[in-house]
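Biologist: I would like to learn how to read sheets, helix packing and backbone angles in a model. Could we go through them one at a time?

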Amino acid sequence: MDKETAEKNIYRVQGFTCANCAATFEKNVKNLDGVEDAHVNFGASKLTVHGKTSIEDLEKAGAFENLKLTHEKDKVVVSKQPFWNEHWNVLVSVLLLAVGFIWSKNVNDSELISSILYAGSIIIGGYNLFIKGLKNLLRLQFDMNTLMTIAIIGAAAIGEWGEGATVVILFAISEALERYSMERARQSIRSLMDIAPKEALIRRGSTELMVNVDDIQIDDIMIVKPGQKLAMDGVVIKGTSTINQAAITGESVPMIKNMNDEVFAGTLNEEGLLEVKVTKRVEDTTISKIIHLVEEAQAERAPSQAFVDKFAKYYTPAIMIIALGTVLIPPLFFNGEWEKWIYEGLALLVVGCPCALVISTPISIVTAIGNAAKNGVLIKGGIHLEEAGRLTAIAFDKTGTLTKGSPEVTDIIAVRDEDADELLGIAAVIEKGSQHPLASAIVRKAEQQHVSMEHVINEFQSITGKGVKAKVNGELYYIGSPKMFSELQVTNLTLELSSSIEKLQTDGKTVIVLGNEHQILALIAVADEIRHSSKNVIQKLHEIGIKKTIMLTGDNQATAESISKQVGVAEVKAELMPEDKLNYIKQLRQEYGNVAMVGDGVNDAPALAAATVGIAMGGAGTDTALETADVALMADDLNKLPYTISLSRKTLSIIKQNITFSLAIKLVALVLIVPGWLTLWIAIFADMGATLIVTLNSLRLLRVQNK
């Protein structure tokens with residue numbers, strides 16, 4: 001049986017203390033009988049197992065960390081232990097260290113008693129550390145537990161009991177700090193999980209009953225009272241209300257919802273009584289998809305994290321070799337004192353512990369992705385987070401991105417003395433078969449004016465990038481761009497008619513032409529309103545250092561230029577076919593390196609895929625946007641774009657600061673060895689200080705807000 005055909009189970013894990021422990025657990029699980037493959041997501045505290053095994057066997061594999069597992073779908077109640085219960089050993093260890101220190105300073109001939117107190121502190125506080133460290137040493141696996149175990153035993157061996165006890169306590173505090181910071185970062189996911197109610201009031205037939213979300217079926221009728229949260233995605237079938245969609249989109253401004261409007265699980269019904277027809281199972285709701293994608297994103301290793309992990313793999317054994325050289329070379333070749341240089345070697349082991357380095361990247365990535373999710377931006381992995389921070393050029397689709405995407409017909413001009421309403425009816429009946437927003441505008445206009453669309457239509461055919469043709473009441477009609485009619489070489493495309501088309505286009509309108517093989521019958525002008533935020537967003541992007549903004553559109557040059565002037569983009573590429581957009585993105589990447597494409601995630605899928613970072617608008621409304629884009633702006637709001645880039649840049653900056661600081665501390669320690677100035681005290685506080693500073697520095701990403 002291979003991985004693809006093996007049974008797949010996902011578990012939630014409680015008790016991870018560090019990334020190295022998660023890697024050890026993954027390795028142990030892979031060695032279990034019946035397991036084909038296993039993957040631990042440390043950021044989300046999840047385990048995916050391909051194959052057959054039991055929770056008991058999995059917990060045995062994690063016994064070294066006392067890990068507890070539950071099936072992903074089972075409700076987990078995280079029991080918060082009292083501080084004393086959770087950290088009793090560290091508290092007792094601190095007490096023994098303090099008593100030993102006071103005893104040594106105030107009692108004559110106190111060495112034996114104080115050493116016993118220090119030894120007790122070491123054993124009680126470092127028991128779990130020693131078990132892990134000695135097991136790793138026997139397997140020749142060198143990690144921070146191994147380094148610390150050797151350093152503490154060595155300190156005791158040369159009589160430095162007090163310093164050995166201090167190492168134990170500060171290492172325990174460092175691990176607790178790492179655990180706390182990862183929990184803070186994971187809290188963003190937990191808060192998403194708790195957004196949607198676990199049950200809903202469902203009407204089945206004439207009976208109304210509370211039903212658990214796992215038992216709610218598609219097409220069930222959900223009743224949502226004012227002040228209640230929606231438990232499921234669906235469509236409003238009765239009632240009108242305002243819904244606060246902040247949980248999904250990050251936008252706190254309520255949206256008015258009427259009949260046939262889509263609503264999402266986790267959003268708040270503020271005013272009216274709604275009846276909602278359920279359209280998705282609980283595991284397929286938008287909030288469920290967001291949670292799943294954010295957890296997957298946190299498991300994705302960013303390039304900087306991959307570098308750190310690879311570096312740490314060679315770094316830890318290298319530190320042990322350098323420490324061994326520090327112990328042996330001065331006494332053997334330069335008549336150094338053994339005790340002095342053993343002490344220096346142990347101090348190097350302590351300061352060389354890669355705690356700060358190992359945690360520097362994952363905590364930053366997990367914190368940033370969680371913060372983005374709470375602000376209505378879905379970033380699908382550390383790699384996309386880092387790449388968004390390096391963007392130099394951004395291309396925008398026009399319709400639905402820089403404009404609202406709901407165009408309206410502004411002018412209907414009959415070229416001959418024909419009835420404009422009749423021509424609008426013919427245009428509308430043809431466009432009913434098209435999915436394009438401009439086609440929808442024509443159909444809406446015909447419905448508003450109550451124009452007859454009782455026509456027989458057949459032989460409908462799309463002409464890619466140009467328009468459509470169809471037979472209406474037996475006569476062949478074409479509807480599309482002016483360019484299509486110039487290629488058809490119609491007889492009445494006069495200078496006067498061309499100038500009418502150009503004038504409409506210069507006013508920022510898109511001209512759709514209706515005609516037959518021989519002549520143009522009508523001009524229909526459609527205008528798409530520019531988003532109020534577009535100009536401000538483009539300006540902000542230029543202010544934060546984006547070198548180039550480009551608008552890509554299939555629309556005509558005159559309309560495109562009119563809109564580009566209003567929003568302030570630096571360059572316009574108009575009359576593009578889908579493959580032209582794709583090729584232009586490739587060209588931009590050659591010129592600028594890191595390029596983003598912002599679109600709706602549906603029509604722009606090839607261009608989104610070709611960009612360094614594909615950014616989809618309005619992800620809350622479309623599954624495609626969630627799946628195809630690297631970044632999805634859940635609200636239909638461009639204002640999230642500068643925030644996303646600022647967050648990504650801040651994350652990159654903090655990761656660089658963390659790595660640089662962690663390595664600089666080690667370098668300073670190495671320099672202090674040469675004159676023999678490195679003490680265990682300096683080593684302890686350097687390592688502890690580095691971990692503390694790196695952790696607190698990463699948690700600053702929680703404060704980055706969408707302004």
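Biologist: How many bridges pair strand E8 with strand E11, and in which sense do the two strands pair?

Modeller: This is a predicted model. In it, strand E8 (residues 234-238) and strand E11 (residues 262-263) pair over two bridges, in the antiparallel sense. Within this pair, Gly-234 stands opposite Val-263 in E11.

Biologist: Which strand is joined to E8 by four bridges?

Modeller: Strand E13 (residues 274-278) is joined to E8 by four bridges, and the two run antiparallel. Gly-234 stands opposite Val-278 in E13, and it also stands opposite Val-263 in E11. Further along, Lys-238 has Glu-275 as its bridge partner in E13.

Biologist: What is the order of strands in the sheet that holds E8?

Modeller: The order is E6-E5-E7-E13-E8-E11, an open sheet of six strands with antiparallel pairing. E6 and E11 are at the edges with a single partner strand each, so one side of each has no neighbour in the sheet.

Biologist: Now helices. What describes two packed helices?

Modeller: The description uses the angle between the two axes and the distance between the axes. Here, take helix H5 (residues 144-157) and helix H10 (residues 338-351): their axes come within 9 Å and cross at roughly 150°. That makes H5 roughly antiparallel to H10. The crossing of the two helices is left-handed.

Biologist: Which residues of H5 and H10 meet?

Modeller: From H5 there are Leu-147, Met-148, Ile-150, Ala-151, Gly-154 and Ala-155, and they meet Leu-346, Leu-349 and Val-350 in H10. By class, the residues of this contact divide into eight nonpolar, one polar and no charged.

Biologist: Where is Gln-489 placed, and is Gln-489 buried or exposed?

Modeller: Gln-489 is in the loop between helix H17 (482-488) and helix H18 (495-506). With a relative accessible area of 65%, Gln-489 is exposed. Its phi is near 55°, again a positive value in a residue other than glycine.

Biologist: How many helices and strands are there in the protein?

Modeller: The protein has 25 helices and 26 strands. Of its 707 residues, 51% are buried.

Biologist: What share of contacts joins residues at least 24 apart?

Modeller: Among contacts between residues at least 6 apart in sequence, 68% join residues at least 24 apart.

Methods
Residues numbered from 1 in each chain as written. Predicted model: local features only at pLDDT ≥ 70, side-chain atom pairs only at ≥ 80, totals over all residues. Heavy atoms only, no water. Axes fitted to C-alpha atoms, helices over the stretch in contact; angles between N-to-C directions. Parallel < 35°, antiparallel > 145°, perpendicular 65-115°, else oblique. Left-handed = near helix turned anticlockwise from the far one by under 90°. Contact = heavy atoms within 4.5 Å. Nonpolar A, V, L, I, M, F, W, Y, C, P; charged D, E, K, R; others polar. Buried < 20%, exposed > 50% of the residue type's maximum accessible area, 1.4 Å probe, protein only. Pairing = 2+ DSSP bridges.
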